[in-house]
Amino acid sequence: MLISLSVRNLAVVEDLALTFDAGMTSLTGETGAGKSMLVDALSLVLGDRADSNMIRHGAERAEIEADFSLNDNPLLRDWLIDQELDDDEQCHLRRTISRDGRSKGYINGRVVPLTQLREISERSIDIHGQHAHQSLVRPQTQRELLDIVARNKGLLDELKVSYRDWQNLKQQLENLQQQSEEQQARQELLQYQVDELEALSLSDDSIGSLLQEQGQLANASQLISTAESGLHQIFDADEVAAYDVISHILSELEKLQEYEPRFASAVETLNAAVINLDETATDLRHYLDNVELDPARLNDIEHQLSLLHDLARKHHVEIEQLPRLFDELSEELAQLAGSEVTLAELHKQVADKEKHCRQLCEVLHQRRRDAAAPLSEQITASIRQLAIPAGSINIEVEPFADGKITEHGADQVRLLVKTNPGQPAGDLAKVASGGELARISLAIQVVTAGQRSVPTLIFDEVDVGIGGSVAEVVGQHLRQLAMSQQVLAITHLPQVAAQAHHQLQVSKKHLDDSTHITVDKLDKNQRVEEIARMLGGVNLTQKTRSHAEEMLDQAQQ
(Lines give C-alpha, C1' and ligand atoms only; values in the text may rest on other atoms or scores of the structure.)
Protein backbone atom coordinates (compact mmCIF):
# COMPACT_ATOMS: atom_id res chain seq x y z
CA MET A 1 0.00 0.00 0.00
CA LEU A 2 1.16 3.52 -0.81
CA ILE A 3 1.73 5.36 2.48
CA SER A 4 3.18 8.69 1.45
CA LEU A 5 4.36 10.76 -1.49
CA SER A 6 6.50 13.90 -1.40
CA VAL A 7 7.32 16.03 -4.41
CA ARG A 8 9.75 18.92 -4.67
CA ASN A 9 10.38 21.21 -7.63
CA LEU A 10 8.51 19.14 -10.20
CA ALA A 11 6.70 21.28 -12.82
CA VAL A 12 4.42 23.64 -10.84
CA VAL A 13 4.86 21.68 -7.58
CA GLU A 14 7.28 23.42 -5.23
CA ASP A 15 7.04 21.32 -2.08
CA LEU A 16 4.26 18.86 -1.45
CA ALA A 17 3.87 16.05 1.07
CA LEU A 18 0.92 13.64 1.07
CA THR A 19 -0.11 10.68 3.17
CA PHE A 20 -2.56 8.02 2.04
CA ASP A 21 -4.92 5.69 3.86
CA ALA A 22 -6.37 2.30 3.10
CA GLY A 23 -9.65 2.06 1.23
CA MET A 24 -10.74 4.42 -1.53
CA THR A 25 -9.37 7.95 -1.79
CA SER A 26 -10.68 10.42 -4.36
CA LEU A 27 -8.57 13.30 -5.64
CA THR A 28 -10.68 16.19 -6.85
CA GLY A 29 -10.16 19.76 -7.95
CA GLU A 30 -10.66 22.18 -10.79
CA THR A 31 -9.54 21.21 -14.27
CA GLY A 32 -5.85 22.03 -14.59
CA ALA A 33 -5.31 22.11 -10.83
CA GLY A 34 -2.58 19.47 -11.11
CA LYS A 35 -4.30 16.26 -10.08
CA SER A 36 -2.66 14.19 -12.80
CA MET A 37 0.69 15.75 -11.88
CA LEU A 38 0.61 13.59 -8.74
CA VAL A 39 0.24 10.50 -10.92
CA ASP A 40 3.15 11.70 -13.04
CA ALA A 41 5.28 12.15 -9.91
CA LEU A 42 4.41 8.67 -8.72
CA SER A 43 5.26 7.25 -12.15
CA LEU A 44 8.64 8.98 -12.03
CA VAL A 45 9.57 7.60 -8.63
CA LEU A 46 8.63 4.17 -10.01
CA GLY A 47 11.09 4.44 -12.88
CA ASP A 48 9.30 6.27 -15.70
CA ARG A 49 11.35 8.24 -18.19
CA ALA A 50 12.32 11.72 -16.99
CA ASP A 51 13.09 14.99 -18.74
CA SER A 52 14.99 17.96 -17.31
CA ASN A 53 12.19 20.20 -18.63
CA MET A 54 10.00 18.74 -15.89
CA ILE A 55 12.05 20.56 -13.23
CA ARG A 56 10.34 23.62 -11.73
CA HIS A 57 11.55 26.94 -13.13
CA GLY A 58 14.37 28.36 -11.02
CA ALA A 59 15.30 25.01 -9.42
CA GLU A 60 18.30 22.83 -10.26
CA ARG A 61 16.84 19.51 -9.24
CA ALA A 62 13.47 17.80 -8.83
CA GLU A 63 13.02 15.15 -6.16
CA ILE A 64 10.24 12.65 -5.55
CA GLU A 65 9.94 10.23 -2.64
CA ALA A 66 7.40 7.52 -1.89
CA ASP A 67 6.88 5.02 0.92
CA PHE A 68 5.12 1.69 0.55
CA SER A 69 3.94 -0.62 3.29
CA LEU A 70 5.07 -4.23 3.06
CA ASN A 71 2.44 -5.62 5.43
CA ASP A 72 0.02 -6.26 2.55
CA ASN A 73 2.65 -6.98 -0.08
CA PRO A 74 4.66 -10.17 0.58
CA LEU A 75 5.62 -10.28 -3.11
CA LEU A 76 7.45 -6.95 -2.80
CA ARG A 77 8.97 -7.93 0.54
CA ASP A 78 10.42 -11.13 -0.93
CA TRP A 79 11.79 -9.24 -3.95
CA LEU A 80 13.54 -6.70 -1.72
CA ILE A 81 15.11 -9.54 0.28
CA ASP A 82 16.25 -11.32 -2.90
CA GLN A 83 17.84 -8.09 -4.15
CA GLU A 84 19.38 -7.40 -0.72
CA LEU A 85 17.52 -4.08 -0.59
CA ASP A 86 15.32 -4.83 2.44
CA ASP A 87 15.45 -2.51 5.45
CA ASP A 88 13.25 -3.15 8.51
CA GLU A 89 10.00 -3.85 6.67
CA GLN A 90 10.01 -0.54 4.79
CA CYS A 91 10.20 0.34 1.13
CA HIS A 92 11.35 3.93 0.66
CA LEU A 93 11.86 5.10 -2.92
CA ARG A 94 13.60 8.27 -4.05
CA ARG A 95 14.18 9.73 -7.51
CA THR A 96 16.16 12.83 -8.38
CA ILE A 97 16.22 14.61 -11.74
CA SER A 98 18.97 17.19 -12.35
CA ARG A 99 18.97 20.12 -14.72
CA ASP A 100 21.98 18.59 -16.56
CA GLY A 101 19.83 15.60 -17.52
CA ARG A 102 21.15 13.16 -14.95
CA SER A 103 18.72 11.06 -12.98
CA LYS A 104 19.23 8.80 -9.97
CA GLY A 105 17.05 6.23 -8.27
CA TYR A 106 17.23 4.98 -4.69
CA ILE A 107 15.62 2.09 -2.81
CA ASN A 108 15.94 2.26 0.95
CA GLY A 109 18.80 4.72 0.61
CA ARG A 110 20.81 2.68 -1.89
CA VAL A 111 21.45 3.83 -5.45
CA VAL A 112 19.81 1.48 -7.95
CA PRO A 113 19.25 1.39 -11.73
CA LEU A 114 15.85 2.61 -12.91
CA THR A 115 14.97 -0.92 -13.99
CA GLN A 116 14.78 -1.88 -10.31
CA LEU A 117 12.37 0.98 -9.61
CA ARG A 118 10.21 -0.44 -12.40
CA GLU A 119 10.40 -3.83 -10.73
CA ILE A 120 8.94 -2.17 -7.62
CA SER A 121 6.18 -0.70 -9.78
CA GLU A 122 5.17 -4.12 -11.15
CA ARG A 123 4.82 -5.44 -7.60
CA SER A 124 3.11 -2.51 -5.93
CA ILE A 125 0.86 -0.41 -8.15
CA ASP A 126 -1.37 -0.40 -11.24
CA ILE A 127 -2.17 2.89 -12.97
CA HIS A 128 -5.24 3.02 -15.21
CA GLY A 129 -5.17 6.10 -17.44
CA GLN A 130 -7.99 8.13 -18.95
CA HIS A 131 -6.99 7.08 -22.49
CA ALA A 132 -6.99 3.33 -21.84
CA HIS A 133 -9.98 2.84 -24.15
CA GLN A 134 -7.89 3.98 -27.11
CA SER A 135 -5.55 1.02 -26.76
CA LEU A 136 -8.34 -1.43 -25.96
CA VAL A 137 -9.19 -1.85 -29.64
CA ARG A 138 -5.74 -3.36 -30.27
CA PRO A 139 -5.64 -7.19 -30.26
CA GLN A 140 -2.43 -7.06 -28.24
CA THR A 141 -4.16 -5.16 -25.41
CA GLN A 142 -7.10 -7.57 -25.45
CA ARG A 143 -4.75 -10.55 -25.22
CA GLU A 144 -2.76 -8.95 -22.40
CA LEU A 145 -5.94 -8.28 -20.38
CA LEU A 146 -7.00 -11.90 -20.72
CA ASP A 147 -3.53 -13.10 -19.69
CA ILE A 148 -3.60 -10.88 -16.60
CA VAL A 149 -6.88 -12.41 -15.49
CA ALA A 150 -5.69 -15.95 -16.33
CA ARG A 151 -2.46 -15.26 -14.38
CA ASN A 152 -0.36 -16.41 -17.30
CA LYS A 153 2.75 -14.30 -16.60
CA GLY A 154 4.94 -17.21 -15.47
CA LEU A 155 3.87 -19.36 -18.40
CA LEU A 156 4.40 -16.51 -20.85
CA ASP A 157 7.88 -15.83 -19.45
CA GLU A 158 8.78 -19.50 -19.96
CA LEU A 159 7.33 -19.49 -23.48
CA LYS A 160 9.21 -16.30 -24.36
CA VAL A 161 12.55 -17.84 -23.41
CA SER A 162 11.79 -21.14 -25.13
CA TYR A 163 10.51 -19.41 -28.28
CA ARG A 164 13.63 -17.27 -28.61
CA ASP A 165 15.84 -20.33 -28.09
CA TRP A 166 13.88 -22.08 -30.84
CA GLN A 167 14.33 -19.15 -33.23
CA ASN A 168 18.07 -19.02 -32.51
CA LEU A 169 18.42 -22.74 -33.18
CA LYS A 170 16.47 -22.40 -36.44
CA GLN A 171 18.82 -19.64 -37.55
CA GLN A 172 21.84 -21.78 -36.71
CA LEU A 173 20.35 -24.68 -38.68
CA GLU A 174 19.63 -22.47 -41.67
CA ASN A 175 23.20 -21.14 -41.66
CA LEU A 176 24.60 -24.66 -41.41
CA GLN A 177 22.43 -25.92 -44.25
CA GLN A 178 23.58 -23.07 -46.48
CA GLN A 179 27.14 -24.19 -45.91
CA SER A 180 26.43 -27.88 -46.51
CA GLU A 181 26.98 -27.90 -50.32
CA GLU A 182 30.38 -26.25 -50.01
CA GLN A 183 31.25 -28.57 -47.15
CA GLN A 184 30.24 -31.61 -49.18
CA ALA A 185 32.56 -30.63 -52.04
CA ARG A 186 35.38 -29.94 -49.62
CA GLN A 187 34.76 -33.22 -47.83
CA GLU A 188 35.00 -35.20 -51.07
CA LEU A 189 38.30 -33.52 -51.99
CA LEU A 190 39.71 -34.13 -48.51
CA GLN A 191 38.69 -37.78 -48.61
CA TYR A 192 40.54 -38.26 -51.92
CA GLN A 193 43.66 -36.50 -50.62
CA VAL A 194 43.66 -38.41 -47.34
CA ASP A 195 43.20 -41.74 -49.13
CA GLU A 196 46.06 -40.87 -51.49
CA LEU A 197 48.43 -40.06 -48.63
CA GLU A 198 47.24 -42.90 -46.42
CA ALA A 199 48.13 -45.48 -49.14
CA LEU A 200 51.80 -44.54 -48.70
CA SER A 201 51.82 -45.32 -44.94
CA LEU A 202 53.49 -42.04 -44.16
CA SER A 203 55.40 -41.25 -41.01
CA ASP A 204 58.41 -39.15 -40.12
CA ASP A 205 60.44 -42.35 -39.52
CA SER A 206 59.39 -44.07 -42.78
CA ILE A 207 60.38 -41.13 -44.97
CA GLY A 208 63.68 -40.76 -43.15
CA SER A 209 64.39 -44.49 -43.58
CA LEU A 210 63.59 -44.35 -47.32
CA LEU A 211 65.89 -41.38 -47.85
CA GLN A 212 68.66 -43.08 -45.92
CA GLU A 213 68.29 -46.40 -47.74
CA GLN A 214 68.15 -44.65 -51.11
CA GLY A 215 71.37 -42.87 -50.29
CA GLN A 216 73.03 -46.15 -49.29
CA LEU A 217 71.94 -48.06 -52.39
CA ALA A 218 72.75 -45.22 -54.76
CA ASN A 219 76.30 -45.03 -53.35
CA ALA A 220 76.84 -48.74 -52.70
CA SER A 221 79.90 -49.19 -55.03
CA GLN A 222 81.74 -46.30 -53.40
CA LEU A 223 80.80 -47.52 -49.93
CA ILE A 224 82.14 -51.05 -50.63
CA SER A 225 85.33 -49.76 -52.20
CA THR A 226 86.00 -47.43 -49.30
CA ALA A 227 85.30 -50.17 -46.73
CA GLU A 228 87.66 -52.64 -48.50
CA SER A 229 90.43 -50.03 -48.76
CA GLY A 230 90.07 -49.12 -45.12
CA LEU A 231 90.18 -52.77 -44.01
CA HIS A 232 93.28 -53.37 -46.11
CA GLN A 233 95.15 -50.39 -44.68
CA ILE A 234 94.12 -51.12 -41.12
CA PHE A 235 94.70 -54.88 -41.01
CA ASP A 236 95.51 -56.70 -44.22
CA ALA A 237 98.48 -54.82 -45.75
CA ASP A 238 101.77 -56.70 -45.33
CA GLU A 239 104.09 -55.08 -42.76
CA VAL A 240 102.55 -51.61 -43.34
CA ALA A 241 99.05 -52.28 -41.94
CA ALA A 242 98.19 -49.77 -39.22
CA TYR A 243 97.39 -52.59 -36.80
CA ASP A 244 100.80 -54.21 -37.29
CA VAL A 245 102.74 -50.93 -37.06
CA ILE A 246 101.04 -49.84 -33.81
CA SER A 247 101.29 -53.36 -32.33
CA HIS A 248 105.06 -53.40 -33.01
CA ILE A 249 105.55 -49.98 -31.36
CA LEU A 250 103.46 -51.12 -28.39
CA SER A 251 105.59 -54.27 -28.00
CA GLU A 252 108.86 -52.28 -28.01
CA LEU A 253 107.63 -49.75 -25.47
CA GLU A 254 106.37 -52.47 -23.16
CA LYS A 255 109.90 -54.00 -23.13
CA LEU A 256 111.46 -50.68 -22.14
CA GLN A 257 108.72 -49.68 -19.66
CA GLU A 258 110.63 -51.23 -16.73
CA TYR A 259 113.48 -48.79 -17.42
CA GLU A 260 111.28 -45.79 -18.17
CA PRO A 261 108.07 -45.65 -16.14
CA ARG A 262 107.03 -42.56 -18.04
CA PHE A 263 106.22 -44.85 -21.02
CA ALA A 264 103.21 -46.13 -19.07
CA SER A 265 100.81 -43.53 -20.43
CA ALA A 266 101.93 -44.09 -24.04
CA VAL A 267 101.61 -47.88 -23.57
CA GLU A 268 98.06 -47.46 -22.26
CA THR A 269 97.05 -45.24 -25.20
CA LEU A 270 98.56 -47.57 -27.82
CA ASN A 271 96.91 -50.54 -26.14
CA ALA A 272 93.52 -48.84 -26.56
CA ALA A 273 94.37 -47.97 -30.16
CA VAL A 274 95.15 -51.60 -30.97
CA ILE A 275 91.84 -52.71 -29.46
CA ASN A 276 89.93 -50.03 -31.40
CA LEU A 277 91.64 -50.94 -34.65
CA ASP A 278 90.76 -54.57 -34.10
CA GLU A 279 87.08 -53.69 -33.50
CA THR A 280 87.06 -51.39 -36.54
CA ALA A 281 88.43 -54.15 -38.75
CA THR A 282 85.73 -56.50 -37.42
CA ASP A 283 83.01 -53.96 -38.20
CA LEU A 284 84.29 -53.43 -41.73
CA ARG A 285 84.49 -57.20 -42.39
CA HIS A 286 80.91 -57.58 -41.10
CA TYR A 287 79.75 -54.73 -43.34
CA LEU A 288 81.48 -56.22 -46.41
CA ASP A 289 80.07 -59.67 -45.66
CA ASN A 290 76.48 -58.31 -45.65
CA VAL A 291 76.46 -55.48 -48.15
CA GLU A 292 75.49 -56.12 -51.76
CA LEU A 293 74.51 -54.21 -54.83
CA ASP A 294 70.65 -54.34 -55.30
CA PRO A 295 69.55 -52.33 -58.34
CA ALA A 296 65.94 -53.64 -58.06
CA ARG A 297 65.59 -52.43 -54.49
CA LEU A 298 67.12 -49.10 -55.47
CA ASN A 299 64.59 -48.71 -58.29
CA ASP A 300 61.74 -49.54 -55.92
CA ILE A 301 62.85 -46.99 -53.36
CA GLU A 302 63.42 -44.31 -55.96
CA HIS A 303 59.92 -44.97 -57.33
CA GLN A 304 58.43 -44.49 -53.87
CA LEU A 305 60.39 -41.30 -53.36
CA SER A 306 59.29 -40.04 -56.77
CA LEU A 307 55.65 -40.49 -55.74
CA LEU A 308 56.31 -38.64 -52.50
CA HIS A 309 58.03 -35.77 -54.31
CA ASP A 310 55.09 -35.52 -56.73
CA LEU A 311 52.65 -35.29 -53.80
CA ALA A 312 54.86 -32.76 -52.03
CA ARG A 313 54.87 -30.53 -55.13
CA LYS A 314 51.11 -30.99 -55.49
CA HIS A 315 50.53 -29.73 -51.95
CA HIS A 316 53.33 -27.14 -52.08
CA VAL A 317 55.28 -28.63 -49.18
CA GLU A 318 58.62 -30.35 -48.64
CA ILE A 319 58.64 -34.15 -48.69
CA GLU A 320 59.42 -34.26 -44.95
CA GLN A 321 56.21 -32.23 -44.26
CA LEU A 322 53.89 -34.81 -45.86
CA PRO A 323 53.17 -36.71 -42.60
CA ARG A 324 52.10 -33.49 -40.85
CA LEU A 325 49.97 -32.55 -43.88
CA PHE A 326 48.30 -35.97 -43.69
CA ASP A 327 47.43 -35.36 -40.01
CA GLU A 328 46.02 -31.88 -40.75
CA LEU A 329 43.87 -33.07 -43.66
CA SER A 330 42.63 -36.05 -41.61
CA GLU A 331 41.66 -33.74 -38.75
CA GLU A 332 39.76 -31.38 -41.07
CA LEU A 333 37.99 -34.35 -42.64
CA ALA A 334 36.98 -35.60 -39.20
CA GLN A 335 35.60 -32.17 -38.31
CA LEU A 336 33.52 -32.05 -41.49
CA ALA A 337 32.26 -35.54 -40.80
CA GLY A 338 31.43 -34.33 -37.31
CA SER A 339 29.46 -31.41 -38.78
CA GLU A 340 27.10 -33.97 -40.31
CA VAL A 341 26.45 -35.21 -36.79
CA THR A 342 26.08 -31.59 -35.64
CA LEU A 343 23.55 -30.96 -38.39
CA ALA A 344 21.55 -34.00 -37.36
CA GLU A 345 21.76 -32.98 -33.70
CA LEU A 346 20.68 -29.45 -34.57
CA HIS A 347 17.69 -30.80 -36.49
CA LYS A 348 16.71 -32.73 -33.37
CA GLN A 349 17.24 -29.72 -31.08
CA VAL A 350 15.07 -27.54 -33.32
CA ALA A 351 12.34 -30.18 -33.36
CA ASP A 352 12.52 -30.69 -29.58
CA LYS A 353 12.40 -26.94 -28.88
CA GLU A 354 9.46 -26.45 -31.25
CA LYS A 355 7.65 -29.32 -29.55
CA HIS A 356 8.22 -27.71 -26.15
CA CYS A 357 6.96 -24.34 -27.43
CA ARG A 358 3.82 -25.95 -28.84
CA GLN A 359 3.21 -27.78 -25.57
CA LEU A 360 3.43 -24.49 -23.70
CA CYS A 361 1.10 -22.91 -26.25
CA GLU A 362 -1.44 -25.68 -25.71
CA VAL A 363 -1.40 -25.08 -21.96
CA LEU A 364 -1.65 -21.33 -22.55
CA HIS A 365 -4.55 -21.83 -24.97
CA GLN A 366 -6.49 -23.87 -22.44
CA ARG A 367 -5.87 -21.39 -19.63
CA ARG A 368 -7.05 -18.54 -21.83
CA ARG A 369 -10.20 -20.39 -22.81
CA ASP A 370 -10.89 -21.27 -19.20
CA ALA A 371 -10.57 -17.61 -18.20
CA ALA A 372 -12.34 -16.13 -21.22
CA ALA A 373 -15.89 -17.28 -20.45
CA PRO A 374 -16.15 -16.06 -16.83
CA LEU A 375 -14.35 -12.82 -17.71
CA SER A 376 -16.80 -12.23 -20.57
CA GLU A 377 -19.70 -12.73 -18.14
CA GLN A 378 -18.21 -10.33 -15.59
CA ILE A 379 -17.55 -7.60 -18.17
CA THR A 380 -21.03 -8.10 -19.66
CA ALA A 381 -22.62 -7.65 -16.23
CA SER A 382 -20.50 -4.56 -15.62
CA ILE A 383 -21.27 -2.79 -18.93
CA ARG A 384 -25.00 -3.42 -18.46
CA GLN A 385 -24.74 -1.47 -15.22
CA LEU A 386 -22.94 1.28 -17.17
CA ALA A 387 -25.94 2.20 -19.37
CA ILE A 388 -25.43 -0.43 -22.07
CA PRO A 389 -28.37 -2.62 -20.97
CA ALA A 390 -28.39 -4.88 -24.02
CA GLY A 391 -24.65 -5.09 -24.28
CA SER A 392 -22.64 -8.29 -24.13
CA ILE A 393 -19.01 -9.20 -24.39
CA ASN A 394 -17.57 -12.41 -25.74
CA ILE A 395 -13.83 -13.04 -25.61
CA GLU A 396 -12.93 -15.40 -28.42
CA VAL A 397 -9.76 -17.48 -28.24
CA GLU A 398 -8.89 -19.30 -31.44
CA PRO A 399 -5.63 -20.78 -32.77
CA PHE A 400 -3.97 -18.94 -35.64
CA ALA A 401 -5.32 -20.29 -38.94
CA ASP A 402 -1.88 -21.18 -40.29
CA GLY A 403 -0.83 -22.94 -37.09
CA LYS A 404 1.94 -20.45 -36.38
CA ILE A 405 3.17 -19.72 -32.89
CA THR A 406 4.76 -16.59 -31.44
CA GLU A 407 6.44 -15.76 -28.17
CA HIS A 408 2.94 -14.73 -26.98
CA GLY A 409 1.36 -18.07 -27.86
CA ALA A 410 -0.55 -19.55 -30.79
CA ASP A 411 -3.86 -17.78 -30.21
CA GLN A 412 -5.78 -14.95 -31.74
CA VAL A 413 -7.68 -13.24 -28.92
CA ARG A 414 -10.62 -11.09 -30.00
CA LEU A 415 -12.96 -9.08 -27.82
CA LEU A 416 -16.33 -9.22 -29.59
CA VAL A 417 -19.05 -6.82 -28.46
CA LYS A 418 -22.78 -6.42 -29.03
CA THR A 419 -24.33 -3.15 -27.87
CA ASN A 420 -27.88 -3.35 -29.28
CA PRO A 421 -30.52 -6.11 -29.51
CA GLY A 422 -30.55 -8.00 -32.78
CA GLN A 423 -27.11 -6.80 -33.65
CA PRO A 424 -24.43 -9.43 -34.33
CA ALA A 425 -21.32 -9.35 -32.20
CA GLY A 426 -18.33 -7.75 -33.85
CA ASP A 427 -14.89 -6.35 -33.24
CA LEU A 428 -14.83 -3.70 -30.56
CA ALA A 429 -13.41 -0.99 -32.83
CA LYS A 430 -16.17 -1.52 -35.44
CA VAL A 431 -19.25 -1.94 -33.27
CA ALA A 432 -18.90 0.38 -30.25
CA SER A 433 -19.32 4.14 -30.42
CA GLY A 434 -16.82 6.45 -28.73
CA GLY A 435 -18.94 6.74 -25.57
CA GLU A 436 -19.65 3.02 -25.48
CA LEU A 437 -15.98 2.26 -25.96
CA ALA A 438 -15.09 4.45 -22.97
CA ARG A 439 -17.68 2.70 -20.76
CA ILE A 440 -16.62 -0.77 -21.91
CA SER A 441 -13.00 0.15 -21.19
CA LEU A 442 -13.95 1.35 -17.72
CA ALA A 443 -15.88 -1.85 -17.04
CA ILE A 444 -12.90 -3.95 -18.13
CA GLN A 445 -10.51 -1.95 -15.97
CA VAL A 446 -12.72 -2.30 -12.92
CA VAL A 447 -13.29 -6.02 -13.47
CA THR A 448 -9.66 -6.87 -14.19
CA ALA A 449 -8.20 -4.58 -11.53
CA GLY A 450 -9.66 -6.70 -8.77
CA GLN A 451 -7.93 -9.77 -10.15
CA ARG A 452 -4.42 -8.32 -10.03
CA SER A 453 -2.06 -8.98 -7.19
CA VAL A 454 -0.81 -5.42 -6.62
CA PRO A 455 -2.14 -3.72 -3.47
CA THR A 456 -2.65 -0.22 -4.94
CA LEU A 457 -4.83 0.76 -7.91
CA ILE A 458 -4.87 4.26 -9.38
CA PHE A 459 -7.64 5.40 -11.72
CA ASP A 460 -6.74 8.64 -13.50
CA GLU A 461 -9.97 10.17 -14.81
CA VAL A 462 -11.14 6.88 -16.30
CA ASP A 463 -14.72 8.13 -15.83
CA VAL A 464 -14.43 10.78 -18.55
CA GLY A 465 -17.53 10.85 -20.75
CA ILE A 466 -20.02 9.39 -18.26
CA GLY A 467 -22.34 10.90 -15.67
CA GLY A 468 -25.54 10.48 -13.73
CA SER A 469 -26.45 7.05 -12.45
CA VAL A 470 -23.67 5.49 -14.52
CA ALA A 471 -21.13 7.58 -12.64
CA GLU A 472 -22.60 6.39 -9.35
CA VAL A 473 -22.25 2.77 -10.43
CA VAL A 474 -18.63 3.43 -11.35
CA GLY A 475 -18.04 4.90 -7.90
CA GLN A 476 -19.66 1.88 -6.28
CA HIS A 477 -17.45 -0.46 -8.28
CA LEU A 478 -14.34 1.42 -7.19
CA ARG A 479 -15.49 1.45 -3.57
CA GLN A 480 -16.07 -2.31 -3.77
CA LEU A 481 -12.54 -2.79 -5.11
CA ALA A 482 -11.26 -0.81 -2.13
CA MET A 483 -12.49 -3.56 0.19
CA SER A 484 -9.41 -5.58 -0.77
CA GLN A 485 -7.04 -3.05 -2.39
CA GLN A 486 -6.09 0.56 -1.92
CA VAL A 487 -7.83 2.66 -4.60
CA LEU A 488 -6.86 6.21 -5.60
CA ALA A 489 -9.34 7.79 -8.02
CA ILE A 490 -8.74 11.11 -9.77
CA THR A 491 -12.17 12.26 -10.82
CA HIS A 492 -14.37 15.21 -11.87
CA LEU A 493 -17.57 13.39 -10.99
CA PRO A 494 -19.24 14.06 -7.64
CA GLN A 495 -20.93 10.64 -7.79
CA VAL A 496 -17.53 8.97 -7.85
CA ALA A 497 -15.90 11.28 -5.29
CA ALA A 498 -18.74 10.71 -2.84
CA GLN A 499 -18.14 6.96 -2.85
CA ALA A 500 -14.58 7.39 -1.55
CA HIS A 501 -13.65 6.73 2.07
CA HIS A 502 -11.26 9.71 1.94
CA GLN A 503 -11.00 12.77 -0.24
CA LEU A 504 -8.07 15.00 -1.20
CA GLN A 505 -8.61 18.39 -2.83
CA VAL A 506 -5.97 19.61 -5.26
CA SER A 507 -5.75 23.39 -5.74
CA LYS A 508 -3.57 25.68 -7.82
CA LYS A 509 -2.67 29.10 -6.42
CA HIS A 510 -0.81 32.01 -7.94
CA LEU A 511 1.45 33.97 -5.59
CA ASP A 512 4.06 36.59 -6.50
CA ASP A 513 4.16 35.66 -10.18
CA SER A 514 4.60 31.97 -9.35
CA THR A 515 2.27 29.01 -9.31
CA HIS A 516 1.87 26.63 -6.39
CA ILE A 517 -0.10 23.44 -5.93
CA THR A 518 -1.59 22.49 -2.59
CA VAL A 519 -3.36 19.30 -1.55
CA ASP A 520 -5.73 19.28 1.42
CA LYS A 521 -7.24 16.29 3.17
CA LEU A 522 -10.93 17.10 3.59
CA ASP A 523 -13.12 16.45 6.61
CA LYS A 524 -16.86 15.78 6.36
CA ASN A 525 -17.92 19.43 6.01
CA GLN A 526 -15.15 20.20 3.54
CA ARG A 527 -16.16 17.20 1.47
CA VAL A 528 -19.71 18.48 1.33
CA GLU A 529 -18.46 21.82 0.05
CA GLU A 530 -16.19 20.21 -2.55
CA ILE A 531 -18.86 17.81 -3.82
CA ALA A 532 -21.32 20.71 -3.95
CA ARG A 533 -18.82 22.62 -6.08
CA MET A 534 -18.53 19.63 -8.38
CA LEU A 535 -22.34 19.51 -8.60
CA GLY A 536 -23.21 23.18 -8.91
CA GLY A 537 -20.22 25.19 -10.04
CA VAL A 538 -19.20 28.60 -8.64
CA ASN A 539 -22.42 29.88 -7.04
CA LEU A 540 -23.34 27.28 -4.47
CA THR A 541 -26.81 27.21 -2.94
CA GLN A 542 -28.06 25.54 0.18
CA LYS A 543 -29.97 23.15 -2.04
CA THR A 544 -26.76 22.14 -3.77
CA ARG A 545 -25.04 21.64 -0.42
CA SER A 546 -27.95 19.54 0.83
CA HIS A 547 -27.78 17.42 -2.32
CA ALA A 548 -24.04 16.98 -1.84
CA GLU A 549 -24.48 16.00 1.82
CA GLU A 550 -27.22 13.53 0.91
CA MET A 551 -25.07 12.03 -1.82
CA LEU A 552 -22.16 11.68 0.59
CA ASP A 553 -24.28 10.16 3.37
CA GLN A 554 -25.86 7.61 1.03
CA ALA A 555 -22.46 6.59 -0.36
CA GLN A 556 -20.97 6.09 3.10
CA GLN A 557 -23.78 3.83 4.35
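What share of the 557 residues in the protein chain is buried? Buried residues make up 42%, where buried means under 20% relative accessible area with a 1.4 Å probe and protein chains only. This is a predicted model, in which local features need pLDDT of at least 70 and side-chain atom pairs count only at pLDDT 80 or more, while totals for chains, interfaces and linings use all residues. Residues are numbered from 1 along each chain as its sequence is written, and side-chain values use heavy atoms, with hydrogens and water left out.

**Overall build**

- The protein chain has 18 helices and 15 strands. These are DSSP runs, numbered from the N terminus: helices are H or I with at least four residues, strands are E with at least two.
- Take contacts between residues at least 6 apart in sequence: 70% of them join residues at least 24 apart. A contact means heavy atoms within 4.5 Å.
- The accessible surface comes to about 29,900 Å² (Shrake-Rupley method, 1.4 Å probe). Carbon and sulfur atoms hold 48% of that surface.

**Nonpolar cores**

- The largest nonpolar core has 46 residues. Such a core is a set of buried Ala, Val, Leu, Ile, Met, Phe, Trp, Tyr and Cys residues joined through side-chain atoms within 4.5 Å.
- Ile 395, Ile 440 and Leu 478 have the most contacts inside this core. Helix α14 (residues 434-449) gives the most to the core, with seven residues.
- Leaving aside residues up to four places away in sequence, Ile 395 touches Leu 146, Ala 372, Leu 375, Ser 376, Ile 379, Val 413, Arg 414 and Leu 415.
- Another core lies apart, with 44 residues. Among them are Leu 46, Leu 80, Leu 85 and Val 112.

**Cavities**

- The structure holds three cavities of 30 Å³ or more. A cavity is a set of points on a 1 Å grid over the protein atoms alone where a 1.4 Å probe fits but cannot get out; lining residues have an atom within 4 Å of a point.
- The largest cavity has about 90 Å³ of space. Its lining includes Leu 2, Phe 20, Lys 35 and Ile 490.
- Helix α1 (35-45) gives the most to that lining, with four residues. The lining divides into eleven nonpolar, no polar and one charged.
- The second largest cavity has about 40 Å³ of space. Gln 142, Leu 146 and Ile 395 are among its lining residues.
- Elements giving two or more residues to this second lining are α5 (139-150), α12 (322-385) and β10 (411-418). The largest share, three residues, comes from α5.

Methods: On a 1 Å grid over the protein atoms alone, a cavity is a set of points where a 1.4 Å probe fits but cannot get out, and a pocket is an open set with protein on both sides within 12 Å along at least five of seven lines; lining residues have an atom within 4 Å of a point. Grid points are joined across faces, edges and corners, and a volume is the space filled by probe spheres set on the points. Ala, Val, Leu, Ile, Met, Phe, Trp, Tyr, Cys and Pro count as nonpolar, Asp, Glu, Lys and Arg as charged, and the others, Gly among them, as polar. Buried means under 20% relative accessible area, exposed over 50%, partly exposed in between (1.4 Å probe, protein chains only).
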